[in-house]
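Here are some friendly notes to read with the model open beside you. Take them one at a time, and find each residue on screen as you go.

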Amino acid sequence: MLELTQIRKAFNQGKHNEYWALAGIDLAIPEKQVTALRGPSGSGKTTLLTILGCLARPTEGRVRLKGEDISGLPERFLTEIRRQTFGFIFQQFNLIRGLSAIENVVLPAYPTGRPRKELLEKAEALLADVNLGHRREAKVEWLSGGEQQRVAICRALINDPEVLIADEPTANLDTRLAGEFLGILEGLADKGRTIILTSHDPMVVESEIVNFIVTLRDGKIVEQ
Amino acid sequence: MIFQPAIIALLLAASLSLLMLIIASPFAMQVIRHWDITSGSERQLKLERLTYLFSTLVAFVCLVQILSALLFVFNADKMSVMFVGAMCAVGALNVNEFGFPALYLQLALFFLATLWLAINHADSQARDYPLVKLKYALLLAAIPLFALSLGLQLQYFLGLKADVITSCCGSLFSSDAPTLASEVSALEPKPALLMFYGSLIVAITLSGWHWRDKGNLSGYASGLGALAAFVASIAGILAFVSLYIYEHPHHHCPFCILKPEYDYQGYWLYLPLFAAAAAGMSAGVLRVFANRPSLAQVVPALTGRLAGIAAISYVLFALIASLMIWQSNLILLD
Amino acid sequence: MKIWIEKQKHLIDFTLASLARRKGKNLGLLFIYGLLVFVLASVALYTHALRTEAQKVLAGTPEIVLQRLVAGRHDLIPPGYIEKIGRIRGVQKKEGRLWGYYYDSVVKANYTFMAPRNMQVARGEIIVGPALERSRGLAAGNGISFRSYSGELHTFIVADVLPQTSELVSADLVLMHEEDFRAFFKYPEGHVTDVALSVANPQEIKNVALKLMDALPDSRPILRDEVLRTYASVFDWREGIMLALLSAAILAFGIFAWEKAAGLSAEEKREIGILKAIGWETGDVIKMKFWEGLLISLLAFLLGYIAAYLHVFHFGSILFEPVLKGWAVLYPSFTLTPHIDGLQVATLFFFTVFPYTAAVLVPIWRAATTDPDTVMRG
């Protein structure tokens, strides 16, 4: 599905505080599987995740999505690919305050220009799937942490992406909610979605729904 | 110099446009020198981000050009009361030798800006941005033109002194004075009519052809057709369309038709005409890039669409002009 | 095309919601923006209305007015003077006019007394303009006395009040019979104030004026077009000066708009970061911000313009009166005829929307090019 060859990513290039967050990564993400990236903070897992999810371009190296080289693409096209192929769940949920749950869910679909009616129907179905149908008009800041995360999951799914990317998804959840989240994730994996996540929560990394574990340290893969 | 609001507004617009372009020019130089699409370096990412600023900027400058060309004509018309013998915009523009050149340059800048936007549109649809260096070179090349435009306007306004005896549209566009405009006006209605409708039909056919066919030959042909039709249309407006609107056999003026006395009919003519000319000519120029590999898909789709816009706008223009002629009480031809 | 429209609808939806979420900030901007439009539009509407009034006044006047000068001062025209001119080619009509100014110490205002040629006023009666109707509380049938310059008291019956179509023309007018006029001002029989000449062909006016100067060296011909030109430049010039003074305000507004756009709150930055991360493109964010600017501009423009319109035409420019007094004292008091002009709206647009857009362009671009991965690194 996704292949990385010799990926390097630098920050503050050419300045005195230049540093390489990724120092030569070769990795293949298998299709329809759950892959977990783990490692201490500062090991480069989030940077790797942004490159896998087309949020950022590598400084050097090649990224292939289904065989097509996308590493040199300008942001405009990368965004298009990202919108169609990836759904994101962030650690802080990153919902837009002041908007209702359903408004938040449909946001990623605005640039596609799909008719509003169609979008709202789809969003309602997604919210109903995670038992939030009754909260759809509630402003997101009134929702509990678990509810906010479920809204974030629905938002990640509105464009029907093949790949779901989650950054530390259980960091802000207690054990019960984390368990609930893993349940939802399992359901999505069973439906054939590719899932990539970062975590240092043993509950996630050691759960049976994760098929592959990649361990990073100092910008390199140490165990696969 | 005559000190009044519209003049200040025009000078403000021209100098701000120029200033924005000048401030942007070092960045354009950077793009030309350091652009490397295959690199993922931070510099390249920064340059790519800059391109958004430029296209927004040029779109804005283009809009300002349209508005200030209109304001320029409006203002000239209003100022005409201050000059003996000037009865409309033409008279006021003729007060000194910079009036008409300033207007012509503004119109030219409008067409250049739309062309740049068309090239920009094509370029940003190709994944490797193949025209990026050309685009920014063009932008740098246009800066002197913007400076010239400001200079001409400044010269024109500074040279204005109320009470200068000027010619008005009656004498400039009447058949005696030996100027280009008067020669156009002196065209007999019948050949002018034939040329007008003939070139419009040719342009519409060529554009329509390119719309369906999207080939190189039809593309260049439709671009030339659009240019020819634009020239013939302006000539036609001078030679006879305006006469029908004024219902006066000797009033050849392209500006008075914009006035409220004639129900702003000029806008209905000029809007589709300029849209058609800009779209058609852009389509023709864009064909030059059709052979670039990454543009092979993009350019034909775009030029086809532009030709379609040109064809529809010219049809609209022809229909509106014909309607105005048909409704007029003036009889030029039996 | 359909997709494009749908997309713009989405963007406008989002923009409206986001404007509503930041009411405080946006209302502040709207207020300052609207205030600027209001001040500029008031100046423009006021001077423009004066200009149109002046044009209306002059439209009814003859092409040439001939005055006689004695020692460089305007003097009465004696009998036989007009006849001396003889026939001049191009002059359609020439007639002597009777008019003068009268200072009314009761309301401290000047009136124009006139004996009209084209209108019959019975002896002992007058027809008055709307300003007198107001200031002296006159209506048809009332009587009024004026003390003439010779000290006698003259009493007239008001026969009618002139319509209000253009008050600047008629506000202070008092029309009376020729005999009454002569008696009131002690005008000698046969003398007139000045001579009006109508010339049909505008190209001939200058020639006629030259011939008049030749035939009557002590005369001064005043051309209508010259007066019109002078008025136009004077009003334009005043408006220009006002605008130049206000340019500081425009500049301040530009800086203010820049600040507002550049000083995005942390919340807004976070929002743009989120939008970019979930699949919005830089161009989409710029378009969204463009819609935001357009909505604010249109609203501010509309509100400011309407407020200025009311201010000038319904509340008599109360806020400007001290500044613009130079014009206002010309006549006792008058109401301007409402008039909106395309050129003026376009000019105003250039003075407000254009600096605003230019000021926010770069800040918007900065905000829109936030890295999409910023939300992952916060």
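1. Let us begin with a term. Buried area is the accessible area, taken with a 1.4 Å probe, that two parts lose on being put together, summed over both. Keep in mind as well that this is a predicted model. Three residues, A:Ile96, A:Arg97 and A:Tyr110, supply 20% of the area that chain A buries against chain C, more than any other three residues.

2. Stay with chains A and C and ask who takes part. Chain A brings 33 residues to the contact, and chain C brings 27 residues. Between these chains there are 4 salt bridges. One to find on screen joins the side chains of A:Arg83 and C:Asp284, at 3.8 Å from N to O. A salt bridge is counted when such a nitrogen and oxygen lie within 4 Å, so the 3.8 Å of this pair falls inside the cut-off.

3. Which elements of chain A give two or more residues to the side that touches chain C? They are helix 1, helix 2 (75-85) and helix 4 (116-129) of chain A. Helix 2 of chain A gives the most, with 5 residues. Sorted by class, the side of chain A that touches chain C holds 15 nonpolar, 9 polar and 9 charged residues.

4. Now turn to chains B and C. Here 29 residues of chain B are in contact with 30 residues of chain C. The area buried between chain B and chain C is about 2900 Å², and 80% of that comes from carbon and sulfur atoms. The salt bridge count for this pair of chains is 1. C:Asp371 forms a salt bridge with B:Arg49, and their closest N and O atoms are 2.9 Å apart. Residue pairs in polar contact number 3 between chain B and chain C, again with both at pLDDT 80 or more.

5. On the side of chain B that touches chain C, two elements give two or more residues: helix 1 (5-34) and helix 2 (42-79) of chain B. Helix 2 of chain B has the largest share, 14 residues. By class, this side of chain B has 22 nonpolar, 4 polar and 3 charged residues.

6. Go back to helix 1 of chain A, which spans residues 45-52 and is mostly covered, with 7 of its 8 residues buried. Among the buried ones are A:Lys45, A:Thr47, A:Leu48 and A:Ile51. After this helix comes A:Cys54, whose phi is positive, near 60 degrees.

7. Is A:Val222 buried or exposed? Its relative accessible area is 54%, and exposed means over 50%, so A:Val222 is exposed. This residue sits in strand 10 (residues 220-223) of chain A. Setting aside neighbours within four places in sequence, A:Val222 is in contact with A:Thr215, A:Leu216 and A:Arg217. A:Gly39 is 183 residues from A:Val222 in sequence, yet their C-alpha atoms are 9.4 Å apart in space.

8. A:Asp218 lies in the loop between strand 9 (212-217) and strand 10 of chain A. A:Asp218 is not a glycine, and its phi is positive, near 50 degrees. A:Asp218 is exposed, with a relative accessible area of 61%.

9. Chain C has its own example of a positive phi: C:Lys186, at about 55 degrees, is not a glycine either. You will find C:Lys186 in the loop between helix 6 (178-185) and strand 9 (194-199) of chain C.

10. Finally, look inside chain C. The domain assignment gives domain 1 (2-58 + 230-377) and domain 2 (62-223), and their centres, taken over C-alpha atoms, are 47 Å apart. C:Ser297 belongs to helix 10 (residues 282-313) of chain C and is buried, with a relative accessible area of 4%. The side chains of C:Ser297 and C:Tyr33 are joined by a polar contact of 2.9 Å. Beyond its neighbours within four places in sequence, C:Ser297 is in contact with C:Tyr33, C:Val353 and C:Tyr356.

Conventions
Residues numbered from 1 in each chain as written. Chains lettered and ligands numbered in written order. Predicted model: local features only at pLDDT ≥ 70, side-chain atom pairs only at ≥ 80, totals over all residues. Heavy atoms only, no water. Contact = heavy atoms within 4.5 Å. Polar contact = N/O pair within 3.5 Å; in protein donor to acceptor, adjacent residues only side chain to side chain. Helix = DSSP H or I, 4+ residues; strand = E, 2+ residues; numbered from the N terminus. Nonpolar A, V, L, I, M, F, W, Y, C, P; charged D, E, K, R; others polar. Buried < 20%, exposed > 50% of the residue type's maximum accessible area, 1.4 Å probe, protein only. Domains from an automatic or database assignment.
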